[in-house]
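Have a look at the model first, then go through the points below.

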Amino acid sequence: MSESRPEILIAGSGPGALEATLGLSRSPHLDAAIALISPQIEFQYRPNMVMEPFGVQTTARYAVADVIRNPNVTQWKGTIERVDAAAGKAWSPEGDEFNFDALVVATGTETHAVVPAPVVTFGTPGSLDRLKEIVQEIDDGSVRNVLFSAPPGPTWHLPLYEFALMCADRAERQSAQQIAIAIATPESDPLDVFGAENSLAVARMCAELGVAVHTNTTLESYDGTTAHLSDRSSYPVDRVFAMPRLTGRAPEGLPTNDAGFVHVDDNQLVIGTSNVYAVGDVTDFRIKQGGLASEQADSAISAIENRLGDREDTSPFSREIEAMLLTADRRLAMRALIGDDASQSIAIEQPTGPVQKIFSRLLSERLREISPL
Ligand SMILES: Cc1cc2nc3c(=O)[nH]c(=O)nc-3n(C[C@H](O)[C@H](O)[C@H](O)COP(=O)(O)OP(=O)(O)OC[C@H]3O[C@@H](n4cnc5c(N)ncnc54)[C@H](O)[C@@H]3O)c2cc1C
């Protein structure tokens, strides 16, 4: 450790990195110099992206500088390309060198299309504009059926259901034609990560809006007219919108699995290091979610306070997931405890107040204090 204030480097500017920065810069247990490095100087509130193609809401953007404003924090625009954990050093592609006593890696994921066009894959250039066109075709009644598909492996499942449910809702309200909306997913039950009771509520919501959910299957191919699924079923489909396959985007020098995800312990310490923590989508935790990224950041904060400051305990990652499934005029709040194989739903009261989509200890409150751009 350096003799003066400990140096903490945080890579990223998504929910994981911002929660870590807020917690460490205000810590009562630690007086550290914090550097946040990210290529993005704006934080995009991704959950609202779901609403954009439907013209309901635009995606809120915040200046990262406004979110993290604190004399203990220096903001750098750039990336960390390489890390030497044992030496406590990291480098940008331009060769800038950063020393750290603790590094928090929250660099998220790369997105990949699994089945090529004409499937429209979220995250590929213009994908939300294409979805907007599909919504227009639904309004016009010029499509008869639209399939939403989730790839095998980690992806963002919640927005897939939101896109499909909102299209179904739109078809019911706007179109004179009968339009079939379906989901193909490798999940055993709809959003089963939220446990059996919540999953049943999601299935009910899908049934009410006429969304057919094909579970335990994935899209294998699509030629513009027929979708072939891995369970050997095939359907006539006019449009397919898919969520991407995700791979980890970790800097070089950190141990990762084949998909680039970083293996961490319950305090988010990267296995094989004593000073590097990873949080959020870049970790090998099987579920990718902004609330979980913040929760993991809270755990990393406690471990860093314990190692570099005067905190006596740590607060291991609790694996409690909380989310809100939104459609144009309905909402379903869900909470669950994620187990190794299955999750257990936790009953909660359905909120009536303002919508919250990324559940975090510090970031949610900070976003309420500042104005979006
Ligand atoms: C449409 C949509 C809707 C969603 N809805 C919800 C929701 O309702 N609730 C919810 O909780 N989650 C939701 N999610 C998931 C959520 O957005 C992600 O799980 C979350 O953003 C992950 O946070 P993160 O901090 O791990 O990574 P990210 O948010 O991906 O941030 C990674 C950051 O690292 C930066 N970076 C990349 N490489 C480097 C590098 N080498 N050095 C430094 N910085 C780097 C990037 O620029 C970025 O700022 C949704 C996702 C999508 C796509």
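P118 sits in the loop between β10 (109–112) and β11 (120–121), where helices (H or I, at least four residues) and strands (E, at least two) are DSSP runs numbered from the N terminus. This is a predicted model, so local features need pLDDT of at least 70 and side-chain atom pairs count only at pLDDT 80 or more, while totals for chains, interfaces and linings use all residues. Residues are numbered from 1 along each chain as its sequence is written, and side-chain values use heavy atoms, with hydrogens and water left out.

**Backbone**

- The peptide bond joining A117 and P118 is cis, with omega at about 15°.
- R232 isn't a glycine, yet its phi is positive at about 75°; look for R232 in the loop between β16 (226–229) and β17 (234–236).
- R232 counts as exposed at 80% relative accessibility (buried means under 20% relative accessible area, exposed over 50%, partly exposed in between, with a 1.4 Å probe and protein chains only).
- Q268 is another non-glycine with a positive phi, about 70°, and Q268 lies in the loop between β19 (245–248) and β20 (276–278).
- Q268 is buried, with a relative accessible area of 1%.

**Salt bridges**

- Searching the whole structure turns up 19 salt bridges (a side-chain nitrogen of Lys or Arg within 4 Å of a carboxyl oxygen of Asp or Glu).
- E133 pairs with R130, their closest N and O atoms 2.4 Å apart; both lie in helix α3 (residues 127–140), 3 residues apart, about one turn of the helix.
- E133 is partly exposed at 41% relative accessible area, and R130 is partly exposed at 27%.
- E137 and R239 also form a salt bridge (2.8 Å, N to O). This pair links distant parts of the chain, with E137 in helix α3 and R239 in strand β18 (residues 239–242), 102 residues apart.
- E137 is buried at 17% relative accessible area, whereas R239 counts as partly exposed at 25%.
- R319 and D266 form a salt bridge, with the closest N and O atoms 3.3 Å apart. They too link distant parts of the chain: R319 is in the loop between α6 (290–308) and β21 (320–326), D266 in the loop between β19 and β20, 53 residues apart.
- R319 is partly exposed at 24% relative accessibility, and D266 is partly exposed with a relative accessible area of 41%.
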